[in-house]
Amino acid sequence: MIAVLGAALVGFLSALLPFTPAEPYLIAAVTTTSAPAVALGMAAAAGQTAGKIVMFLAVRGAIRSPWLQHRLNRILPTARVASPHAPGQHVYTSPARGSA
């Protein structure tokens with residue numbers, strides 16, 4: 001049970017820190033413990049997924065923060081992109097897609 005929780009923790013850390021690979025830990029845990037390899041692999045995958053979700057939500061929240069939006073608008077005032085669905089705007093797509 002401890003090895004499975006450790007695999008989940010190592011998976012979570014490896015999702016956030018690129019220099020922390022989960023695979024060597026999994027190989028060591030499979031060879032030195034009696035925990036099933038599938039359980040260790042699933043725990044590491046769940047940990048990595050949880051870590052990536054945390055990272056995604058943090059970045060999404062940071063991009064939407066008023067402070068960052070203010071800074072970006074001050075630094076790049078002409079880089080605003082109009083909504084493709086704004087009145088008077090035309091949306092062009094590929095001819096292979098079948099719409100204009």
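Reader: Which residues in H1 meet which residues in H3?

Author: This is a predicted model, in which local features need pLDDT of at least 70 and side-chain atom pairs count only at pLDDT 80 or more, while totals for chains, interfaces and linings use all residues. Residues are numbered from 1 along each chain as its sequence is written, and side-chain values use heavy atoms, with hydrogens and water left out. On the H1 side, the residues are Ala3, Val4, Ala7, Ala8, Gly11, Phe12, Ser14, Ala15 and Leu16, and they meet Ala39, Leu40, Ala43, Ala44, Gly47, Gln48, Ala50, Gly51, Lys52, Val54 and Met55 in H3. Contact here means heavy atoms within 4.5 Å.

Reader: And how do those residues divide by class?

Author: The contact of H1 with H3 has 14 nonpolar, five polar and one charged residues, where Ala, Val, Leu, Ile, Met, Phe, Trp, Tyr, Cys and Pro count as nonpolar, Asp, Glu, Lys and Arg as charged, and the others, Gly among them, as polar.

Reader: At what angle do the axes of H1 and H3 cross?

Author: They cross at roughly 35 degrees, and the axes come within 7 Å. An axis is a line fitted to C-alpha atoms, for helices over the stretch in contact, and angles run from 0 to 180 degrees between N-to-C directions.

Reader: What about H2 and H3, at what angle do they pack?

Author: H2 and H3 pack at about 155 degrees, with their axes 10 Å apart. That makes H2 roughly antiparallel to H3, a label for angles over 145 degrees, whereas under 35 counts as roughly parallel, 65 to 115 as roughly perpendicular and the rest as oblique. Leu26, Ala29 and Val30 of H2 make the contact with Ala37, Leu40, Gly41 and Ala44 of H3. By class, the residues of this contact are six nonpolar, one polar and no charged.

Reader: Which residues make up the largest nonpolar core?

Author: There are eight of them, namely Ala3, Ala7, Leu26, Ala29, Ala35, Leu40, Ala43 and Ala44. Two or more residues each come from helix H1 (2–16), helix H2 (23–32) and helix H3 (37–63), and H3 gives the largest share, three residues. A nonpolar core is a set of buried Ala, Val, Leu, Ile, Met, Phe, Trp, Tyr and Cys residues joined through side-chain atoms within 4.5 Å.

Reader: Is Ala44 buried or exposed?

Author: Ala44, which lies in helix H3, is buried, because its relative accessible area is 3%; buried means under 20%, exposed over 50% and partly exposed in between, with a 1.4 Å probe and protein chains only. Leaving aside neighbours within four places in sequence, Ala44 is in contact with Ala7, Ala8, Gly11 and Leu26.

Reader: And Met42, buried or exposed?

Author: Met42 is also found in helix H3, but Met42 is exposed, with a relative accessible area of 56%.

Reader: How far apart are Met42 and Gly11 in space?

Author: Their C-alpha atoms are 9.7 Å apart, although 31 residues separate Met42 and Gly11 in sequence.

Technical notes:
Helix = DSSP H or I, 4+ residues; strand = E, 2+ residues; numbered from the N terminus.
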